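Student: I have a protein model open and would like to learn how to read it. Can we go through some features together?

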Amino acid sequence: MSANSENQSNKKLASLALGAIGVVFGDIGTSPLYALKEVFHGDLLINHDHVLGVLSLIFWSLTLVVTIKYAIFIMRADNKGEGGIMALMTLALHGSRDNPRRMKLIVTLGLLGATLFYGDSIITPAISVLSAVEGLQVVAPQLENYVLPITLAVLSVLFIVQARGTGAVGKIFAPVMCVWFGVLAIMGVVNIIHDPSVLMAINPYYAVHLLWELGFHGFLIMGAVVLAITGAEALYADMGHFGLKPIRYAWLGFAFPALLLNYFGQGALLIAHPEAIQNPFYLLAPGWALYPLLILSTLATVIASQAVISGAFSITRQAIQLGYCPRMDIFHTSGDEMGQVYVPAVNWMLMFSVFVLVLSFQSSSALASAYGIAVTGTMIIDTVLAFIVIRKLWKWHTATSLIFLLTFLVVDILFFSANSLKIPTGGWLPLAVATVLFLIITTWIKGRELLSERQDEKRVLFEDLEAELQKNPPVTVKGTAIYLTRSLHGVPQVFLHNLEHNHVLHEQIIVLTIVTKDEPYVDEAHRVKIRSFGENRQFYRVKLYFGFTQPQDVRRALELCAQGLHEHYGLSIDLKKLSFFVGREFITFKRRSPMPAWRRPISSFLFHNSSSAIEFFKIPVERVIEIGIRVEL
């Protein structure tokens, strides 16, 4: 490698690492606002040994879970560079093709992890922004009554601007978060200088001694310690945007040390001034810096919330394209970044849920009782799916795989068990959200399966259709018709309905199926597959392949299709004169339908309100004929 190319590579790596600081570490990076305060929120006595014990627990939690589990192990499990729960699920499926029962378990775990993420998504913006604005109680106690209105105003602006995209403001994310982490480190160092003994907390003895001394109460405080590692999964989930090395370098070289310094600085402050527990983060700063710190904290929590909201949009799009969720309106807010999408339905549901949370709990301490259960549940699922990938796909030795599983599963279950005690005081909320979403998703999947089975029962092969058309030839009209269908085999129902009722046939018939692969990207060279049927090559089966993170740009794909038809079959088609036939199913249920009775209204609602294929795939509306098909399941 030449010096110039190496220099370019280093610049790109630095640029990506800088971008990762602005997006990936928002959630975990704003945890110092409330994590240590919540650990001592109960009746834990603030003294030298207890502070060192808590700091040791935080240090080893960040080291074991975030650094070793995610940054070193799980981030190796990339699906063509993409990370996140959906990518991990599809990788686990790749290693389990020969075991249908395991595949079903993997899909169930993956979907459960995704729904838990939504449960977390409604709490993160609420607790992050609220904890930042609560700095007013320290900065200007007379303005304490304005904490909730200001929090709601900030969140309102955040959700309203989603429709315009975050590309423009996203450019300031990295500089703001760099300043944020720099300030965290500086405030920590200034206070550590007054009591360097807090650095002894890196010795795990203090963590073990604290848990042993406190007994069951030590188990309870693990439910608060987990607040320091919320957002750990973002390192893996955002890998597709920034890459493995930039995220690792940014975490190990900048974010991780800054967080540790700040936590240790808060510990030193509490040893010297136990009364600072009312808000140890803001009280780290000198009086003159409180207002700038309040503004910076609010900006950092908005950025952290933005990352979670964007993650919810992204995972929704992936679930839709993999067939696990009904189609919704999805808008691409950037012409340059295909990952920047806006899903209105998800945005407004999140906004409503976050507002209800803020108004119901009214403080970050109260919200902390609901935070953690969804995060730790997702961590357990990540560990189990990673074990399947390690064992079945990477072919690690059984003993090595089990050591990985047991080491991290013990830690995850410890955190989850401690957080399960929060269920009566608020932890039920993210679980309820996840349960409702899981039931909706599984109902949708069940309905899709029944619909596919029903269509398979009525399947007509092209060979049989051609024989029937030779016996009873219909009227043939000039032009090309495209029939959009989910099915990969046989003649689509919308075509049979059109033929049965209108008794006409176009000169060329293209049966178009859009296929989402269980990998993030499919390049244009492998986008289109074409096959012809019939003696006169009147029928063409076209399959368009997309990755589960790619926008399904049917117009562009049809241009590639037209090129392929011309090159391989000599068929010239004018895309401006095509006729698109799209079927829309209207679902009813038999009295003895396999669909459970309690799921039927949900299934009917989902099918009825699913976004039209015309809008979802951006098919030219003026060329579309939509045919309703009533299907009884």
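Student: Which residues form one aromatic cluster?

Tutor: First, a caution: this is a predicted model. The cluster is made of Phe73, Trp394, Trp396, Phe404 and Phe408. Look also at Arg76. Arg76 lies over the face of Trp394, at 5.1 Å from the ring centre.

Student: How many aromatic pairs does the structure hold?

Tutor: The structure holds 19 aromatic pairs. Here is the general idea. A pair of aromatic rings is described by the distance of the centres and the angle of the planes. Now take a case. The ring centres of Phe181 and Phe254 are 5.9 Å apart, and their planes stand at 65°. Planes over 60 degrees apart count as edge-to-face, so this pair is edge-to-face.

Student: Where do Phe181 and Phe254 lie?

Tutor: Phe181 is in helix α10 (residues 173–192), and Phe254 is in helix α15 (residues 244–272). The pair therefore ties together parts that are 73 residues apart in sequence.

Student: Is Phe181 buried or exposed?

Tutor: Phe181 has a relative accessible area of 0%, so Phe181 is buried.

Student: What are the distance and plane angle for Phe216 and Phe219?

Tutor: The centres of these two rings are 5.8 Å apart and the planes are at 35°, so the pair is tilted. Phe216 and Phe219 are three residues apart in helix α12 (residues 216–225), so about one helical turn separates them. Phe216 counts as exposed, at 55% relative accessibility. Phe219 counts as partly exposed, at 22%.

Student: Now helices. At what angle do α5 and α6 pack?

Tutor: General idea again. Two packed helices are described by the angle between their axes and the distance between the axes. Helix α5 (residues 85–94) and helix α6 (residues 100–133) pack at about 175°, and their axes are 9 Å apart. Angles over 145 degrees count as roughly antiparallel, so α5 and α6 are roughly antiparallel to each other.

Student: Which residues of α5 and α6 meet?

Tutor: From α5 come Ile85, Met86, Met89, Ala92 and Leu93. They meet α6 residues, among them Met103, Ile106, Val107 and Gly110. The contact of α5 with α6 has ten nonpolar, two polar and no charged residues.

Student: One last residue. Is Phe495 buried or exposed?

Tutor: Phe495 lies in helix α23 (residues 493–502). Its relative accessibility is 1%, so Phe495 counts as buried. Leaving aside neighbours within four places in sequence, Phe495 is in contact with Leu465, Tyr483, Leu505, Ile509 and Phe539.

Methods
Residues are numbered from 1 along each chain as its sequence is written. This is a predicted model: local features need pLDDT of at least 70, side-chain atom pairs count only at pLDDT 80 or more; totals for chains, interfaces and linings use all residues. Side-chain values use heavy atoms; hydrogens and water are left out. Axes are lines fitted to C-alpha atoms, for helices over the stretch in contact, and angles run from 0 to 180 degrees between N-to-C directions. Helices (H or I, at least four residues) and strands (E, at least two) are DSSP runs, numbered from the N terminus. Angles under 35 degrees count as roughly parallel, over 145 as roughly antiparallel, 65 to 115 as roughly perpendicular and the rest as oblique. Contact means heavy atoms within 4.5 Å. Ala, Val, Leu, Ile, Met, Phe, Trp, Tyr, Cys and Pro count as nonpolar, Asp, Glu, Lys and Arg as charged, and the others, Gly among them, as polar. Buried means under 20% relative accessible area, exposed over 50%, partly exposed in between (1.4 Å probe, protein chains only). Rings of Phe, Tyr and Trp (its six-membered ring) pair if their centres lie within 6.5 Å; planes under 30 degrees apart count as stacked, over 60 as edge-to-face and the rest as tilted. A charge sits over a ring if NZ of Lys or CZ of Arg is within 6 Å of the ring centre and within 35 degrees of the ring normal.
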